[in-house]
Amino acid sequence: MKKSLFGYAKTTRALAESYGAKMGGFDIYDDGFKEPQKDGLGNALLPVSAFDPDASGLEIPSPGFPPQHSLILKAKNLQSEYDFFYDAMPRSVWISGTNGKTTTTQMSGHLLEKIGAQIGGNVGIPLAALDANARLWILETSSFTLHYTRVAKPEIYALLPITPDHLSWHGSFEKYEEAKLSVLQRMDANALALVPQKYASYPSKAKLIAYESESDLAQKMGFTLSKIALKPPFLLDALMALSVEKIVLGSASYELLNDFVMEENKLEEFLDSMGRLWVNDTKATNEAAVLEALKRYADKKIHLIIGGDDKGVDLSGLFAFMQKLDIKIYAIGLGSEKMMAYAAKFGIEAQKCEFLSRAVESIAAILKRDEVALLSPACASLDQFLSYAERGRVFKEEVFNQTK
């Protein structure tokens, strides 16, 4: 029987490169392939119309491959990347939730690098590129991956709060939440999960440590908050990473945690040539992340760049919160009209810019030194950019070019 991959993205490409030859070659189906061809490793690159479910004994989709796609609907032997590697997977920590997954994963890897732990998953390193002989895998785990995972489970599950996101992909918040919680049903009595308090009674054989807040988690794990240099919104990420270290090693390395260097694109502050504050928060692609950014700068006049693909999420709550602030919004991308409509409904000053460069130009003309220019878009980037990272790079380039 043929072995099939859906989509030719980072995950499936790594599988094809690392395991294609060992498995006699994959059949790879992608909307971008119009005619049958071969790659250099003997894998077949095929148009979607060529897929025969009766001739395929295995189908692995790229994590973001939508469940409504015709290939998914036809598949009879669907398996996630996690399921495929489960038998060879070493002890693992899975980190999920809506915001903070990447930071928590990177912090956990930073704390546990001393034992040879490797990070991967949604953080950008496919499982196919990880060492199966490593002592521990720390995996940033998306709702997309969890949606397709039926067998694999971790020894430790660190679940950050769940708030509305990716609703157009999942269909509803309930389905999105269900994907995040599904792993708890598979975990056994030797496993442990850190979960928000609202899921304290969720059915699972695993031991659940439920937390209400940062201070509550610190108290339950025996941590001293004053020893942690990081502040909200990164404090919970830090506490979750420290919890993972304590569960694995029984230790809490405060000094090592405080040495962690935050990644770009998340509340990344920089000054222009006139000493004015700009913030690249391009990774804030949902309401909860933007709320954290707004709270951080609530004592300043905020010039907020917002917009892109809103993923079907209602942002009324976010705009209601903005009514309390001294704020003006600059709407960009596919969601420009929606952002302007929200602003009109809630009486918030707004300007339709459509393009990021125009938004930067408009802000640069009026920004004062005691104010803040904030790119925290509440939306995905793929309507105008290749990724959120490219959106952040373009933002910084535009700021420096227009404020020389």
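**View 1. Lining of the second largest pocket in this predicted model.** The second largest pocket is lined by P67, L146, H147, T149, R150, W169, H170, K175, E178, A179, S182 and R186; here a pocket is an open set of points on a 1 Å grid over the protein atoms alone, where a 1.4 Å probe fits, with protein on both sides within 12 Å along at least five of seven lines, and lining residues have an atom within 4 Å of a point. At least two lining residues come from each of α5 (143-148), α6 (167-170) and α7 (173-186), and α7 gives the largest share, five residues (helices, H or I, of at least four residues and strands, E, of at least two are DSSP runs numbered from the N terminus).

**View 2. Helix α8 and its surroundings.** Within α8 (residues 214-221), D216, L217, A218 and M221 are buried, that is, under 20% relative accessible area with a 1.4 Å probe, protein chains only. These buried residues pack against β10 (192-196), β11 (207-211) and α9 (235-249), contact being heavy atoms within 4.5 Å. Just after α8, G222 takes a positive phi of about 75°.

**View 3. The open six-stranded sheet.** With mixed pairing, the strands follow the order β12-β13-β17-β14-β15-β16, where two strands pair if DSSP finds at least two bridges between them. The edge strands, β12 (268-271) and β16 (349-354), each pair on one side only. Four bridges join β12 to β13 (residues 277-280) in antiparallel fashion, and L271 has L277 as its bridge partner in β13.

Residues are numbered from 1 along each chain as its sequence is written. In this predicted model, local features need pLDDT of at least 70 and side-chain atom pairs count only at pLDDT 80 or more, whereas totals for chains, interfaces and linings use all residues, and side-chain values use heavy atoms, with hydrogens and water left out.

Notes:
Buried means under 20% relative accessible area, exposed over 50%, partly exposed in between (1.4 Å probe, protein chains only).
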